[in-house]
Amino acid sequence: MAIKNALLVDDSKVARFALSKLLESRDMEVNMAGSAEEALDFLTSHGRPDVIFMDHLMPGMNGVEATKAIKGNPETAGIPIIMCTSKKSSSFMEEAKTFGVYNILTKPPQPDGLSQVLAQLASDVTKGTLPEPPTEDTTQAGEDDLLNVPANASVELSPKTGESERRGSAQANVVPLTSDLIEQIARSAVKTHINNRLHELLSSLFDEQFDHLKRALDESRSKQEAAIEERLNAVSEMVEERTKNLRDDVAAEVNLNLGSEFAVLKKELKKNSGFTSEHMAELKDHITSVQTIDTEFWQTLQSEAIQQAHEISRETAEDIAQRTIDLFVAQQRSASSRVYTMGLALSLGIFSVGIAWLSGLFG
């Protein structure tokens with residue numbers, strides 16, 4: 001199962017910004033809260049995140065108290081919590097796990113460390129090996145261990161020597177409030193107060209520096225964009241001016257060249273325009289020669305056609321006569337002389353008519 005969304009709880013804007021960028025680079029949806037109280041309100045009114053990144057030291061409710069509140073609510077107890085802290089000791093990590101912290105992410109967060117923590121979380125979620133939420137007794141025991149006080153012990157002022165002997169074993173579990181214990185409690189309280197106050201001061205300083213740097217970057221970006229725009233406008237105007245001058249020069253040169261070409265062409269047209277009397281005489285002679293050539297060609301063609309017609313008529317008549325004779329000879333052998341005489345006369349008549357027709361046609 002992939003880790004898709006996270007709730008980031010930190011009172012420092014700088015810390016939230018840095019960690020959110022690392023998470024967003026892994027395609028995660030990030031919601032942020034500036035305090036533990038705000039985080040608890042978010043969990044009440046919004047959906048459940050896949051993981052919570054909890055800052056250790058915060059004004060008001062710190063990260064440990066917020067973790068106990070989240071793990072004490074059955075609706076949010078199953079959400080894994082990664083505590084972000086500058087403490088690196090193994091003892092603190094063990095103590096934090098007794099409060100229900102899944103893992104520790106050292107501040108400032110590094111990409112490799114974050115990737116390792118998220119990979120381990122995804123593996124545990126997939127396999128179902130997430131640690132069970134701590135019970136109330138375990139949480140109370142973890143708090144008592146911080147002061148090295150037994151879980152079932154009570155605290156009272158150091159008794160006098162005589163009174164201590166009279167109480168005996170009935171009060172064996174009572175821890176006397178010695179000066180060393182008071183000093184230890186005072187040191188712990190002062191240390192916690194100093195750490196919280198120092199964290200508040202550092203967070204405030206970081207936030208002020210972050211806001212100042214953001215304003216400086218925004219102003220620098222605005223000035224840079226304005227300078228770039230001004231420079232681009234100046235370059236655009238310069239290019240336009242030079243292009244305009246170049247365009248005018250080219251147009252003038254083209255117009256001059258075209259004028260010269262047109263003048264030369266006009267002179268050539270004037271020189272060669274119209275038909276002179278010499279041109280007309282040459283045209284007349286050419287037409288006459290063409291007509292003469294056409295007449296001679298037509299007469300020659302006509303003579304050749306008549307000659308070919310005569311030859312064709314003669315050849316045709318001879319062919320008809322030969323066929324008639326052949327027919328007569330054939331019929332003579334099989335018919336009487338009367339029929340032969342009539343056929344011969346008919347053939348000769350046809351031959352005479354053909355000759356007369358051809359002579360009239362080409363005569």
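How many helices and strands are there in the protein? The protein, shown here as a predicted model, has 10 helices and seven strands. Of its 363 residues, 22% are buried.

**The protein as a whole**

**Helix α2**
- Helix α2 spans residues 36-45, and its buried residues are Ala36, Ala39, Phe42 and Leu43.
- These residues lie on the same side of α2, because they cover an arc of only 115° around the axis.
- The face of α2 turned away from this buried side carries the exposed residues Asp41, Thr44 and Ser45.
- The cover over the buried residues of α2 includes the strands β1 (5-9), β2 (29-33) and β3, together with helix α3.

**Asn62**
- Asn62 is located in the loop that runs between β3 (51-55) and α3 (63-72).
- Asn62 counts as buried because its relative accessible area is 16%, and buried means under 20%.
- The side chain of Asn62 reaches two backbone nitrogens: that of Val64 at 3.2 Å, and that of Glu65, which lies 2.9 Å from a polar atom of this side chain.
- When neighbours within four places in sequence are left aside, Asn62 is in contact with Ala36 and His56; Ala36 is also one of the buried residues of α2.

Key
Residues numbered from 1 in each chain as written. Predicted model: local features only at pLDDT ≥ 70, side-chain atom pairs only at ≥ 80, totals over all residues. Heavy atoms only, no water. Helix = DSSP H or I, 4+ residues; strand = E, 2+ residues; numbered from the N terminus. Buried < 20%, exposed > 50% of the residue type's maximum accessible area, 1.4 Å probe, protein only. Polar contact = N/O pair within 3.5 Å; in protein donor to acceptor, adjacent residues only side chain to side chain. Contact = heavy atoms within 4.5 Å. Arc of directions from axis to C-beta.
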